[in-house]
Structures are given as C-alpha cells and as structure tokens.
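Morning, everyone. I have one model to go through today, so please look at the screen.

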Amino acid sequence: MHRELLRIPGELGTAFLEWAASWWRVFHFGALALVVAFSPATYDKENRSVTAKQIYFTAWQVLPWFTLLSALLSMVLIHIVVVTALSYGLSQYALEMVVRVLVLELIPLTAALFVALRSGAAINTEVALMHIRGDFDAMRRAGTDPLRRELVPRVIGSAVSVVALAAVSGVIALLLAYIGVYGFSPWGLAGYTRTVGQVFDLQVTLGLALKTLLFGLAVAVIPITASLETPRELRLAPVAVLRGMVRLFLVLALLEGASLAVKYI
Amino acid sequence: MLPEPQPAPLIPHVEFKAALLLVLTLALIGGFLAYVMYARGVFQSTQRLVLVADDSEGAKVGMDLTFSGFPIGRVQRIELAEDGKARILIDVPSKDARWLRNSTVFTMERGLVGDAHIRAFTGVLDDSPLPDAATRPVLRGDASAEIPRLMATARALLENLERISGADSSLSASLANVQTVTERMKGRHGALAGVLGSEENARKVITALDRSNALLASVGEVSNRLDGIIVKADERVFGAAGMMDETQKAIAQLAAVLRDARDSLKKADAVLAEAQAVGANARAATTDLAALRAPGGRDQPQVAVRARHAAEAAMRALFLVAPLLLAACAGGPVPPDWQGNAQAALRNFSAAHYAGNTRLAAQEFARARAEIAATGRPDLLARAELVRCAALLALAADAGAQERTYADFLAGRWHGLDASLLPAHHRALLAGASDAGALAGIADPMSRLVAAGVLFRMGRLTPAGIAAAAETASANGWRRPLLAWLGVQAQRADAAGDGADAARIRRRIEIVTGNAAAP
C-alpha cells in the first residue's frame, strides 16, 4: 500500500519528465532545423531538389484550391460584417473589423490548419515509417545527414507553404474587403489606405509575420518530432501520427491564443 | 514489411516552380509592407503638433486628427507632462498642414459609441500657418460624462412622477372629484346637476329657464305691437295726407305769406317815399304858414291851401305807416331814451303851437327832430313831420273849396273836380294831358313829384312819367324819393322781364344807398 502510494508520484514525475523531454526535443529539433535551414551549405544540388519538391507538394499544389476556398470564405465573412455594421449604423468600423478578423487572425490560422491537415499528417506518417524502417540509420551509414536530406526540406516546405498561402489569401482578402466596402469605385482608396495603415502598425505587422512563421514551422516540426520519438515498432506508427497531430493542433491553438492575448490584452 | 517506396514521379520544372512560389510570396509580402508603410505615412514629411488636454481619456495612438471630416494627421504619442496634463503628439503631413493656422481651434469629443474624435476648426484660412512643434490646448467634450447627470435628472423626474401619481396626491384627489361630478352628471338632470351640485338646484334652474322663455314670448308680443304702432306712425307721418304732407303744405303757405309780406313791404316802401315827398311839401307849407301868421299874412290863401293839402296827404301817409311803426316799436323790451324824449318834445311842440307860441313850438320841434335824427330813420322823421303837419292842419280847419279840391286831387278823386280851384301847375294834369308832358310842364320839382305820385296811385303813370319823376328827384339830390322811384322802375323792369334794365337800375339803387362796390 505504502509502496503503491509512493509509486503514483513517481509515475507522475516520470510522465512529466517524459512530457517535458518531448517538448524539449520539439524545440531542439525546431532550432536545429532553423539553423540548418539558414546555413547555405544545406542547399547543395541534391538538397535543393528535395526542398523544391517539398515546396511543390505542400504549397504549389494546394495554392489554387486554398486560394479559391479562402476567397469564398472571405467574401461571405466580409458581406456578413458589412451588412451587420450597416444595419447597426457602424459602417465606418466595418473595414477595420474585416481586416483585423480576416487578415490578422482567420487566414493565417486557416492556412496553417489546411497545411497541417494536408501535409502535416503526411509528413508525420512518412517520417514515422522511415524512422521505424531504419532509413535514417541507413542514410547516416551512407554518409548522408538525414536531417538535411529528408527533414529540413519538409520543414522549409511547410513553412513556405503556410506563409505563401497566408500571403496570397491575405492579399486577396484585402482586395475583397475593399470591393465589399467601397464597391468598384477608386475613390475609397484614400480612406482604405488610412484604415489599413491604422490596423497594420509595427507590432501587429511583426506579430503577424512571426505568428505565420511559427505556424509554418509547427506544422512540420511537431509531426517530425512526434515521429522520431516513436519506438521503432510498426504497430506504433498510427500512435505517432495521432500524437503528432494532436500536439500540432494544440500548438496552433496555443499560438493563436497567445497572439490574440498579446494584441488585445 | 511495407513495400519499397515508389520513386517520386518526375515533376517538370519543380525547382522553377518552387522558386516562382517563393518569389511570388516574397513579392506579395514586400509589396504589402511597402503599402502599409505608405499608408502609415512613412514616406511623408510631417510636422509635429502638440495638443494639451486636462484628460487624455478616449485619445489613443493612431487616431486621426480631422479637419472638415478629412483626416489630416495622426496621433503618434500620448504622454503625461510635468504639470499633470496630457500631451497628445500628432504628426501632420506637410501637404495637409496648410489647413492648420494660428487661429485654429482643436476639440476632442467623445460620443457614446466609438472612439473620441480630435477635430480642427480653422475659421480664417488666410491666417499665418501653424508653426512646427506648436503647442495648442484642446477643448474636450464627452457625451458619456453627461450620462450620470442625465441619470440623476431622470431619477428626480421619476420621483416627481411617482409623487404626482401617488394615492394621496392632489392629482388623484382631483380625479376623485372629477369622478364625483361625472356620477352626478349621470343623473336625471345630467351636466346641470353635475355643475350645480344637486338635483334640486338643477330643477330651480330649469324652472327659471322656463319662466324666462315665457317672459321672452311676452316680450316678443310687445315687440310685435310696437311694430304695428311704428307702421301706423309711419303712415301718419310719411303717408299720403300724413304729417309730412301737411308740413310741406304749411311751408308752401308760409312761403306765400312771406312773399305777400315782401310785396307789402315794397308797397310800404313806395308809400314812405311818397310820405317823404309829402313831408317836404309840408315843410314848405310850414314856411308859408309862418308867413301867414305874420301880421297881414292872411292875404296868402294859396299857400295855406297848399299846406292844408299837404297836411291831409301826410295824415293819410301816417295811417299807412302807423302799422309799420307799431310793429317796429311793439315787443321791445325797454323803450329807449330817444323815444320818450322825442314824444315829450312833440307833445310840447303841439301844446306850444296851439298856444300860439311859435318860437317855443319851433324849438320843441327842433328838439324832437334832433332826437329822432339820432336814430337815422327817415320814417320816424316823417312821422314827426306829420305830427307838425297835423298841428298846422288843425289851424286850417276852416279850409275852403280850394283846399277840398286839392285834397280830392291828391286822393285821386278827380271825377267832377273843379280844375279852376287847383294850383295852376296841376290843372293840365286834370285836363287829361299826357303824363310825361303834364309832368314836364310843372316847373316846381316838388310839385312835379307830387303830381307823379298822384298819377302813380291812380295807375295812370307811364314809364316815361316814372323816369321823369326819378330824374326830378335825382336832379334835386332827393335821395329818398329817388330810391322810391328807382324801386318802382326796378319792379317794372322785373315784371317786363328786362334783366339788363333791372340790373342797371339796381346798380343805381346801390350807388344811391352807398352800397355800391368801389369802381
């Protein structure tokens, strides 16, 4: 009995340590990937090809569809906001509200989720399988750094993908917001510019950039870390995917919450 | 074991596409950043404006400074100054700074919804421009600050309302009274009972109304009768043979009477002229009588006879004139002095004359004449002369056939008259000579006038005779006979319808009476 009582804190402590070590590995891998990504030596011919392929798969292929989807979503939201603001006599605040809600919050989050669902899960599964099969060990034995050859291109690809999707969709949302508020008249440009200038002050712009980058990194880094720390048993591969995706969504939510908290609290 | 992974399918231009995507993304981000920097005025030169407020609530960094609704500046910083006031630092682009002048007024208002607004009001746009780093006070207005006061007022209002509508308030008491009154109004006599307080009073009022109705009916009858009376009176006064008709007739009669009176007066006028002529004769006769009364004077019978005739004529004239004199004297309130004096003098004259005291008689008569002359009335003078004449006639009582004949001649009783007994100048007249010729034949002007008067009385005087008589009076300057004869001439001219002749004669009359207008 006494031993049982002693064992629970011991187990809790072990679990916490494992959890902390797991997050540490996430940050460590993230930092490592960033360093590798920003070192020019990474981009030899082979790696460039792999990176280009990763960018192609995660960003280029989804860009049209995602742009269409986000444009539709933006139009609906803009229309709802403008009509509601008009009915309450607050139309002067409609544009600012549209810009803040869409460009600053919804579109980066949507882009991150979209990439996570489409590429994050795939990366998770692929890396987990490669890890279980021992491909990385084989690479190392062959003198190839698996981090540079296989993992960092995926991180770069997802980061570029999130940033590109967010940028394209954000610009399109800004255009749609202008059209939604002012129509096709060019005479609202001065007021629109003022509003955009008022919304995008330095902190907001930097915050947006940082948030989008973090989204992009998280989408690749968390699934890869989750895959790598999986015991090398094939039956545990789905567990690795599950853990990686859950942790990814948790991180995305935390990032979004933190960004909102910094901006509005 | 899983199958070996398939080699990735060949993707054309994968590196180019990746680079393109990267470039596109970077271009978008770069362009967006440039746009935001432009929007935030990074590329504009600005000037600083510092607004000082006692409270910076509602102001925040990034808000606009507006002028006429257009944003011309942006709040860059808000700081608390050493004196405890808020300093709002605003950057105004140089191209918009021209709207701000030294006289510009700045306000910061805060509505119930939304941000505060900082506004600039520039009344004089050609004032000197606002310098860089100028410090200006800002006037604050806060709608939400009004809310507590508004709430307090509303609460007071509600309390008042509650007091008014309370059970023991005067309003509810008034409503209760109104209810009482309306209850009464529902009774038999309706609103009347409600107003008067009880049914009994209402009944009294109704009775009084009935009585007044009856009274009004009788008043209506009376007025009907009055109408009848007025109609009758109308008939009597204005109808045929009514009072007005009679009055008109009376007025016509009165006019006729007046006309008659005027005629009578004219006749009297003529008679007076005659009387004066007679008076003149009598004066002449008096002289003759004085001669007669002188020793041995009795040998002048002709003169005495003439005097007697003249006296007779005067007496006749007196009878004619007397009514006029009476009319003149009667009805006077107090007889004036001259009347008494003249009467007394005339009485003394008669007494002295009959006593044979000729000197005293002459004195008294002179006194009477003087008294009468004061009136300036020849008719009275004529009367005095007639009195003297009568006195003289009394002495000539024993007149003979000559005198009677002369009297008859003067009276117009010429039938069977012995012409030989008349004075020589009158004989031709009696012989039936034509008037003008006979009159012309009389040398003595006085005798000629007497003859003309006799002929006029008899209606035998022709217009030529009248003219001759008038000329005789005119030539001798005898005003009174002249007026009489001129009056006769005017009358004749009027009767003949000779307007010009009548006007000429009237002008002569006016000259004689002295009424003529100055030429």
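I will cover the confidence, then chain B, then the interface.

This is a predicted model, in which local features need pLDDT of at least 70, side-chain atom pairs count only at pLDDT 80 or more, and totals for chains, interfaces and linings use all residues. Residues are numbered from 1 along each chain as its sequence is written, and chains are lettered from A in the order in which they are written.

The predictor gives the complex an ipTM of 0.88 and a pTM of 0.50. For chain B, the mean pLDDT (the predictor's confidence in each residue, from 0 to 100) is 79, with 85% of residues at 70 or more. In residues 296-301 of chain B the pLDDT is below 50, and beyond near neighbours in sequence the stretch has six contacts; a contact means C-beta atoms, placed from the backbone, within 7 Å. Residues 327-332 of chain B are also below 50, with zero such contacts.

Chain B has 17 helices and seven strands, taken as DSSP runs: H or I of at least four residues for helices, E of at least two for strands, numbered from the N terminus. Of its contacts with a separation of 6 or more, 56% join residues 24 or more positions apart.

Now the interface: 23 residues of chain A are in contact with 18 residues of chain B. On the chain A side, helix 2 (45-60), helix 6 (146-182) and helix 7 (189-199) each supply at least two residues. Helix 2 of chain A gives the most, eight residues.

Notes. Two residues are in contact if their C-beta atoms, placed from the backbone, lie within 7 Å.
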